[in-house]
Number of protein chains: 2
Amino acid sequence: MVTVKEVARMANVSPATVSRVINSAHNVSPEIRERVQRVIKDMNYFPNHAARSLVRRQAGAIAVLLRNLHHPFFFNLIRGFEDSAAKSERSVIFCSLGQEQEYRDRYIQFLTNGISDAIILYGTLFTDRPIIEHLASVNFPFLLIENNFEDIRVNQLLVNNLEGAKNAVEHLIARGHRRIALFMGDPNKKVNLERFNGYTQVMQKYGFPIGQNDIKNIYSDYSAAYGAAREMMQLPPEARPTAVFAINDRIATQVIMGVQSLGFSVPEDLSVIGFDNQKLFDDGYSGPAITSIKQPLFEMGKDSITILTDILEGKVKTPFTKTYETQLIPGDTVDEPSRK
Amino acid sequence: MVTVKEVARMANVSPATVSRVINSAHNVSPEIRERVQRVIKDMNYFPNHAARSLVRRQAGAIAVLLRNLHHPFFFNLIRGFEDSAAKSERSVIFCSLGQEQEYRDRYIQFLTNGISDAIILYGTLFTDRPIIEHLASVNFPFLLIENNFEDIRVNQLLVNNLEGAKNAVEHLIARGHRRIALFMGDPNKKVNLERFNGYTQVMQKYGFPIGQNDIKNIYSDYSAAYGAAREMMQLPPEARPTAVFAINDRIATQVIMGVQSLGFSVPEDLSVIGFDNQKLFDDGYSGPAITSIKQPLFEMGKDSITILTDILEGKVKTPFTKTYETQLIPGDTVDEPSRK
DNA sequence: TTGAAAGCGCTAACAC
DNA sequence: GTGTTAGCGCTTTCAA
């Protein structure tokens, strides 16, 4: 391994001068600068980042932590990160945390101690609270996207899920639906609770009762939505909802596939509206484009790097919060209720 | 920032002892170990990885470098990486290199100088040659997946593209096709050349001439395949191929969409076989499941981490090469030629 | 403009 | 079993 020392010796200068050259300080005479640069090239020298981080007390990197890097839900979010990473001075590195707390903690600990200057965390788990609180207590810069902790004052990017869900339900009601089922997700996730509230608030506003079986609870096994949808469709037409609000598109695909498996079709026999505007599905879905509420994941990914950079440079006062609005993207899964 | 020194002082021991405790060396008395661990917890101490890497001369991390982390093609590859990352002692970090050479070099340089102990590179560009050669010359451990450099002796995971392409064309021929068009990709990529050769070899083996317009050259703009397919289908039935071998599934989707846009259907009017068995598409494709040649990306991702770990531990003799076989996955885009 | 020297936080070799 | 010491490769005072 070539070091500053060796370069210095070869170039007949001190290590300090070599350091000045590689950091393009201006107080180096042109002749020496050139000589050192030639030696650096000749010797194939590259500065060691561990050593540099150690003395500078900053690593020159920002880390992005997701639960699954491969998940198609993250498609646009990652595109956003990549987009601003390409413009950033700092290197951006990604990590898949998985769900196991031990690994999550290990990675966060790894990245926040000499590897990166700041981290971005998407979709924290409730069990992440201790480590988040630790980061806050030691003043390590971080940004949460769709944070789960209402009460901690942190830098965060949020989505107006409440309003988005309201729009979804209003959209169905405007098309004549009165009995609307909710396919609810894991209530341990704040986003789901917010969307849930949007649904109930609009239903109440119009005075439409929510039937006893009109809320289906789907946890992490989304395929349960398939069965629940089939069950629902086996009721006589007058005894079942005419529309479904799925808490996310991934559940919507299961609902639609379940409906179709019985020979029914969407939206003729059942309207379905989802959330996320996810376009890529790993469950083999190939049905109609889902009418959905889009959250601006690309922008959020993009913004998060620049915002965190500004935070690192003290250009923004913390804790920083920004809330993004959603947008209804019409697809082919919502129609008026059939008049059979 | 809490350091070993401070912990040592609080626990009334030397820094060396603290180091022994955090590295779970066995030559520490139980009482002292416990005392130190309590102090570590109380003070919220975490070891600094930059300092540790510096002195240990290893970073405890493996980096995976892809051009686009978001690309759905990488779905199973990333799943593979994640799968073995969860079992690995080392942290696994991911980076999106992009195409710009300056960024690619910067990232590789960053990661290979104190940040990670080894890197995995998928789909090197021809222009990556200098940096690859540099890594080889300084003996930095790395592994290439679908390497583009035939002549460099490096650790690599390869796919038998030649055989896969042959199987694809044989599959069409077995179903009665005689005139088979090739939608070729960028000839600067080795995989495409290999698949090209598979196509020509089989065609020659059977003595089926390749028509003058039967090879369509599609470069990075895959939507060109859409137009080329339309053009092809506008010929009279007897003057056009009955089947297409698309060099990858992403091009196959464009071909199919082009064919469909003219009111034709696949496979009735044209059979299409692809390569990659990619299931997620970001171009809005929602047609029939594409008959395709699968490369075992999940296994390759998974294996690459363990192989690289073995290389780091000297358990494997280098340069290491493994070639993966492909598998034909039947879909709904190949049929016998229509007898119109 | 340049060099000498100290030190970032940690580990490892060597004493004891 | 524990402490002392040196030093990983780099940057950054400070003095010249």
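User: Why is the link between the side chains of B:D282 and B:R250 called a polar contact?

Analyst: In this predicted model, the two side chains come to 3.2 Å of each other. A polar contact is a pair of N or O atoms within 3.5 Å, one able to donate a hydrogen and the other to accept it, so the 3.2 Å pair qualifies. As a predicted model it is read with limits: local features need pLDDT of at least 70 and side-chain atom pairs 80 or more, while totals for chains, interfaces and linings use all residues. Residues are numbered from 1 along each chain, chains are lettered from A and ligands numbered from 1, as written, and side-chain values use heavy atoms, without hydrogens and water.

User: What makes B:D282 partly exposed?

Analyst: Its relative accessible area is 34%. Buried means under 20% and exposed over 50%, with a 1.4 Å probe and protein chains only, so 34% falls in between. B:D282 sits in the loop between strand 9 (271-276) and strand 10 (291-294) of chain B, strands being DSSP E runs of at least two residues and helices H or I runs of at least four.

User: Which residues does B:D282 touch?

Analyst: Leaving out residues up to four places away in sequence, B:D282 touches A:F75, A:L280, B:P72 and B:R250, with heavy atoms within 4.5 Å.

User: How do you know that the buried residues of helix 7 of chain B line one face?

Analyst: In helix 7 (residues 129-137), B:I131, B:I132, B:H134 and B:L135 are buried. Seen down the axis, they fall within an arc of 155°, so they line one face; the arc is taken from the axis to the C-beta atoms. The face turned away carries exposed B:P130 and B:S137.
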